Amino acid sequence: MTPKRFAFVIADLYGGGAEKSLLYTAAGLHQRGHTVKVFILRDRIEQPIPDGVTVENLALINRFSKMFSTPLVEKWQAARIARTLDAFAADVVLSCSCDKITRHLRHPNLWFWIKSDISAKFSDPDQRAKAFAKVHRFYTGRNVVAVSQGVKDNLLDVIGLRPAEIRAIYNPYEREPFLRLAEEPAPVPEGEYLINVGTYEPRKRHDRLLRAYKASGVTTPLVLLGKGKGDEEARLRKMIEDMGLAERVILPGYQTNPYPFIRHAKALILTSDAEGLPRALIESLLLGTPVVSVDCPSGPREILAGELADFLVPREDEAALADAIARMDAAPITVTEAHYRPFLKETVLPQFEALSK
């Protein structure tokens, strides 16, 4: 197609999954001949910047803007962004994680990129009502890209959003970089092991994982790869000790490169209460490692296709989870390209190109 100019607007590039997927998408579009620029609102960059992707700091989030965060300040920030986008002559604008500000933009081809299932984040009725009201306030009558079909369905059917247009587009992936990273030296445990990758936090439900793992009766060790804030790791270690699993559960500490651990694992297990489109499942399949997952909202059902669907279990059914772990441990599924083809950049990037009107 005719080369286009893509602008991405994001608060910063300091975090994890959302920032990584944005940069992967930007790099992929550049490789396909488009001009791409990422606009950040404060100078916090942790991620490596891909070749061909330009990052410009607009310095719009600072002590002043945080201290006086009002709609008037947001509109001033949005006006500054609008002038920059006009100067760049963007054909498509994708806003990610800074929608409180960018909702005031009126670019003719602005899309709000929603990467998590907002409907599953809150159990308290008051917090849930406030979150839903915020979604309606920000996105009613606007263009939305949802990171999965499940996120799209929940926005429409659970929250009741009425956007101008909404499309479900997965994050794009390229397999070769993950395979290269998986070959780097790492303190991978010897022998067979199962693995869970994720921050030590309540939403990841390590308690569910540990109970099901114990009930499964498997003797294959379980690696919990991640880190936790505050006393979360201490709480997890106590849980492991109390369950009598200290000899079989391994906490190797935070690893900047988790991919050797995933590549050499017998299977990856996900037990979260909620996800948007869980990267760990997709990256595991890209590395040839089969997966077991609870059917949490909203991504696992879309990822575990074909014979892997037998290893997708109801979120609250720990007996079914234990059985799935035991079955996978006994006879691991062989991963083929068909399992991860929907997430490859060749499949996904044309859908981003189609956002250009």
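In which hand does H8 pass H13: left or right? The crossing is right-handed. This briefing covers a predicted model.

- Strand E1 spans residues 5-10.
- Five of the six residues in E1 are buried, which leaves the strand mostly covered.
- Strand E2, residues 35-40, pairs with E1 in the parallel sense. Six bridges join E1 and E2.
- Ile-10 sits opposite Ile-40 of E2.
- Strand E4, residues 92-96, also pairs with E1 in the parallel sense. Here the pairing runs over five bridges.
- Phe-8 has Leu-94 in E4 as its bridge partner.
- In a regular strand, side chains alternate between the two faces of the sheet.

**Helices H8 and H13**

- Helix H8 covers residues 206-216, and helix H13 covers residues 318-330.
- Their axes come within 8 Å and cross at roughly 60°.
- H8 is therefore oblique to H13.
- The crossing of H8 past H13 is right-handed.
- On the H8 side, the contact is made by Arg-208, Arg-211, Ala-212, Tyr-213, Ala-215 and Ser-216.
- On the H13 side, Glu-318, Leu-321, Ala-322, Ile-325 and Ala-326 take part.
- By class, the contact between H8 and H13 has seven nonpolar residues, three charged residues and one polar residue.

Conventions:
Residues numbered from 1 in each chain as written. Predicted model: local features only at pLDDT ≥ 70, side-chain atom pairs only at ≥ 80, totals over all residues. Heavy atoms only, no water. Buried < 20%, exposed > 50% of the residue type's maximum accessible area, 1.4 Å probe, protein only. Helix = DSSP H or I, 4+ residues; strand = E, 2+ residues; numbered from the N terminus. Pairing = 2+ DSSP bridges. Axes fitted to C-alpha atoms, helices over the stretch in contact; angles between N-to-C directions. Parallel < 35°, antiparallel > 145°, perpendicular 65-115°, else oblique. Left-handed = near helix turned anticlockwise from the far one by under 90°. Contact = heavy atoms within 4.5 Å. Nonpolar A, V, L, I, M, F, W, Y, C, P; charged D, E, K, R; others polar.
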